Amino acid sequence: MKFCSDCGQPVERRIPPGDNLPRAVCTACGAVHYENPRVVVGCVPEWQGRILLCSRAIMPRRGYWTTPAGFLENGESLQAAAAREALEEAEARVEIGSLLAVTHVLHAAQVHVMFRGRLLDGRFGVGAESLESGLYEESAIPWDDIAFPSITFALRSFFEDRSAEWERCTTTISSGQFATESSLNRH
Ligand code: ZN
C-alpha cells in the first residue's frame, strides 16, 4: 500500500503508539492500515477413488495442476468457499468433508486451508480459470507438475490418511519454494 484508502494521501511505514510492528500509517489523516495474511481455501474432491484435478489457465503457474482452490471472500465460510471454487474451476458440485491440511505460506503472507470433498454426482467440466480437468487415480497424479507446494502437501496427506483409513488435519509451514513438512497437529 502506497496511498491511504481513506483520504488518498501517501502512507509511511512506522510503528504506531502501543503497537510493536511497522504499519502503513497515513501521513495526512493518521489512519493505520493493517495488512494481514489472506486465506486460500480449497478441497481434494474424490469420486469413486479418483481425485479431480484442474490445470490452471491463469498465472501464476499456468498449465500446472491443482485441486480447486481460491481466495476466501468476505462473509463466506471456509466450506462455502471450497465448494464455490470447485463449482467455478471444475463445474463440480462437491460436498465438503473434514479439514485435511493447513499450510502457512509465510513468504506470500497466505494461509492455505484444504478440506476433503466428495463429488455429488461425478459430473465435472472445465471452468473459466482452467485449461482442462479430469479424475486421477493416485498412481496417475502428475506429482512433478502440481502448481503449489500446499497442494502437493494436501494430496500427500490425503492419500496417506486414506490408506491408513483415518482422517487427520495436518499442518505445515512453507517459507520458500518448498514446504517444510512438520506434523504439528496430527491427531
Ligand atoms: Zn489518510
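This is a predicted model: local features need pLDDT of at least 70, side-chain atom pairs count only at pLDDT 80 or more; totals for chains, interfaces and linings use all residues.
**Ala-82 and its contacts**

Skipping neighbours within four places in sequence, I found Ala-82 in contact with Val-41, Gly-42, Cys-43, Ile-96, Phe-115 and Gly-117. I then looked up the largest nonpolar core, which has 33 residues. Ala-82 is listed there among the residues with the most contacts inside the core, along with Cys-43, Val-44, Met-114 and Ala-154. I also noted which elements give two or more residues to this core: the helices H1 (78-90) and H2, plus the strands E4 (38-47), E5 (50-56), E8 (94-105) and E9 (110-119).

**Whole chain**

Next I stepped back to the overall layout. I get two helices and twelve strands, in the order β-β-β-β-β-β-β-α-β-β-β-α-β-β along the sequence. The C-alpha trace spans about 60 × 35 × 30 Å along its principal axes. I looked up burial too: 29% of the 187 residues count as buried. For contacts between residues at least 6 apart in sequence, 58% join residues at least 24 apart.

How is the chain divided into domains? The assignment gives domain 1 as 1-35 and domain 2 as 38-180. I have their centres, taken over C-alpha atoms, at 35 Å from each other.

**Ser-163**

Ser-163 sits in helix H2, which runs over residues 149-164. Is Ser-163 buried or exposed? I put it down as exposed, because it has 9 C-beta neighbours inside 10 Å and the cut-off for exposed is 12 or fewer. I also checked Ser-163 against Glu-76: they are 87 residues apart in sequence, and C-alpha to C-alpha they are 32 Å apart in space.

Most residues other than glycine have a negative phi, and most peptide bonds are trans.

- Met-59 and Pro-60 are joined by a cis peptide bond, with omega about -5°. I place Pro-60 in the loop between E5 and strand E6 (65-66).
- Glu-91 is not a glycine, yet its phi is positive, about 50°. I find Glu-91 in the loop between H1 and E8. Glu-91 is partly exposed, since 17 other C-beta atoms lie within 10 Å.
- Glu-165 is not a glycine either, and I read a positive phi of about 60° for it. The loop between H2 and strand E11 (170-174) holds Glu-165. I count Glu-165 as exposed because it has 6 C-beta neighbours inside 10 Å.

Methods
Residues are numbered from 1 along each chain as its sequence is written. Helices (H or I, at least four residues) and strands (E, at least two) are DSSP runs, numbered from the N terminus. A residue is buried if 20 or more other C-beta atoms lie within 10 Å of its own, exposed if 12 or fewer, and partly exposed in between; C-beta atoms are placed from the backbone. Two residues are in contact if their C-beta atoms, placed from the backbone, lie within 7 Å. Domain bounds come from an automatic or database domain assignment. A nonpolar core is a set of buried Ala, Val, Leu, Ile, Met, Phe, Trp, Tyr and Cys residues joined through C-beta atoms within 7 Å.
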